[in-house]
Protein chains: 2
Amino acid sequence: MAEKTKYNFVVAPEKVDFTLHATIEAICSDILNVAGADAKVKGISADVLMQHNRSWVLSRMSVEIDRHLGQYEEYAIDTWVNPHASRLVSPRNFELLDSESKIFGRAVSQWCVIDFEKRMPVALDEVDSLFEGKFCDAPSPCEAPRKVRGIEPQVVRKHEVRYSDIDFNRHVNTMRYIRMMLNTLPIEYLTDNRPLRLDIHFAKECHLGEVLTIGYEQRGEVSLFEIRNGDDAVACTAAIEWR
Amino acid sequence: MAEKTKYNFVVAPEKVDFTLHATIEAICSDILNVAGADAKVKGISADVLMQHNRSWVLSRMSVEIDRHLGQYEEYAIDTWVNPHASRLVSPRNFELLDSESKIFGRAVSQWCVIDFEKRMPVALDEVDSLFEGKFCDAPSPCEAPRKVRGIEPQVVRKHEVRYSDIDFNRHVNTMRYIRMMLNTLPIEYLTDNRPLRLDIHFAKECHLGEVLTIGYEQRGEVSLFEIRNGDDAVACTAAIEWR
C-alpha cells in the first residue's frame, strides 16, 4: 500500500486574478502538475505507457475550493491513487492544505488509458501490473465528478485556438477550457471569491486554429458551461456550484 | 552602493508552450515579479510611493533571449538599479542565468513615477531620497529599449478584454499584451525557438470589456506589433527581432 504524497506550492503573482487571489485555473493546473509528477515518481506516468503506444487521458474532474488563497500564500497538495473505479476509469485524489495544514480544497480526477493506434480506451486490467503496491486505502476526499448535461446557453462567445492555448500535442491545454469558461461569466461572480465546486468533463480534443463556441447558462446558484469544437461537437462541459 | 540581487526560478509546466520551452511571456513575467520583489526589499516599491499617492509605471522594456529554456530547467534572474536615465526615467536591469550560471538572456526596464491625482509623471528628483545607496554601478547588460514606430499592420485581430486579462486595477496585465502579440504570429515563428530581442512600449492602459485591435507586420526578420484600445488609440507597440 502506498501513502499520500505531498507537493508544496506558493501562490506566485502570475497565479492570481484581479482580486489578488489564486485563480481556479491556477489551482487546477497545480493539481494536474501534481498528478503528472506523482505518476512519474510511482512509475505509472504517460512516459511508461507511451512505450506501449498508450497514454493517460483526463476524462473528468471534480474540484472543491472552500477558500481562495491570497497572493504569496504557501500551500500543499496531497495526492493518492485509489483502486480503479470501473473497468476503464482510474481515480486520483487530491487534498489541498494551507500553510497551517488546514484543508481548503479537494479534488477527484478520473483517467482513462487510451491506445493511440486504435484511438480507443484500454481495459485497466491490461496495465494492472503497473499499479502493484501503488494504491492507497484512503477514500476519495469528495464526491466523484458528476455528469454535466442538458446545458441551454444564454450567452455564447467565440474563441479561436491560438499559440498560447495549445500543449505539446497541439491540442488545447486542459486548463484553457476553464479559462474560457470563467471569461464568459459576469465579472461579479469572480469578485466575491465564494466557495465553489467545479465538475468538468473533457469529451473531445480541440486543435490549433479551430474556432470554439463557449456557451454559458446560469441556473440558480450553478453556472453551466459547454464548449463546442469547430464541427459543433461538444468538447467540454462543466458546472460551477457557488456555495 | 548596492550589489546585484539574485532570484531563483524553475520552468514549471505552466510556463512552457507547445514546444515544451519557456514562453517569452513567462520569462517576462518572472522579470517583472523580480522587479516588484526587489523594489520591496530595497524600500522603493509601489507600496512606499502609494503613501504619497504615487506609483511606478512600466514604460518600456527590452529583453534579449539567446536560448529558450526547457521544462523543469532551473534558472536565476539577477537584478539591479542604475542611476536615473533622465529626469523621468529610472532603469532596472536584469541578467538571466541558467543552472550552470551561463547568461542566456538580459533585460532593461524603464520606469516612471506617476502622480495619481494629477495623472502626470513626477520628476525623479522628488523621490531621490528613496534611492540613497540603492544604485549599483554595473552598466545595463544590453541596449536600452528602442522606439517602436511606424507599424503598418498586414494582419489584424480583435481581442475583448476579459476576466483572465486584468490585474488588480482592472487594467490589462502587462504580460497579456505579449501573449496577444504572439497569438497573431504565424505558428512557424514559434516552433523554432530562435534567439530574439523584444522591445516593447506601454503607452496606455486598457480596461475590462474594451475590444482591442492587435496589428502585426512582418518586416524582414522583425515582427512588429501595435495594439489599439477601444478608442483606436495606440496602447502598446513592440518589435521582435529574430536572430
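Modeller: Let me begin with a definition: copies are superposed by least squares on the C-alpha atoms of residues with pLDDT of at least 70 in both. This is a predicted model, in which local features need pLDDT of at least 70 and side-chain atom pairs count only at pLDDT 80 or more, while totals for chains, interfaces and linings use all residues. Residues are numbered from 1 along each chain as its sequence is written, chains are lettered from A and ligands numbered from 1 in the order in which they are written, and side-chain values use heavy atoms, with hydrogens and water left out.

Biologist: How do you know in what way chain A and chain B are related?

Modeller: Chain A can be laid on chain B with an RMSD of 0.0 Å by a turn of 180° and a shift of 0.0 Å along the axis. The two copies are therefore related as by a two-fold rotation axis. Of the residues of chain A, H159(A) comes closest to that axis, its C-alpha lying at 4.8 Å.

Biologist: What makes up the contact between chain A and chain B?

Modeller: Contact means heavy atoms within 4.5 Å, and here 28 residues from chain A and 28 residues from chain B take part. The buried area, which is the accessible area (1.4 Å probe) that two parts lose on being put together, summed over both, comes to about 2500 Å² for chain A and chain B, with 53% of it on carbon and sulfur atoms. In chain A, the residues that lose the most area to chain B are F18(A), R162(A) and Y163(A), together 30% of what that side buries.

Biologist: What makes the phi of L20(A) worth a remark?

Modeller: Most residues other than glycine have a negative phi, and most peptide bonds are trans. L20(A) is not a glycine, yet its phi is positive, near 65°. R119(B), also not a glycine, has a positive phi of about 50°.

Biologist: How do you know whether helix α3 of chain B is enclosed?

Modeller: Helices (H or I, at least four residues) and strands (E, at least two) are DSSP runs, numbered from the N terminus. In α3 of chain B (residues 174-184), 10 of the 11 residues are buried, so this helix is largely enclosed by the rest of the structure. Among the buried ones are Y177(B), I178(B) and M181(B). I200(B) is in contact with several residues beyond four places in sequence, including I178(B), M181(B) and C236(B).

Notes:
Buried < 20%, exposed > 50% of the residue type's maximum accessible area, 1.4 Å probe, protein only.
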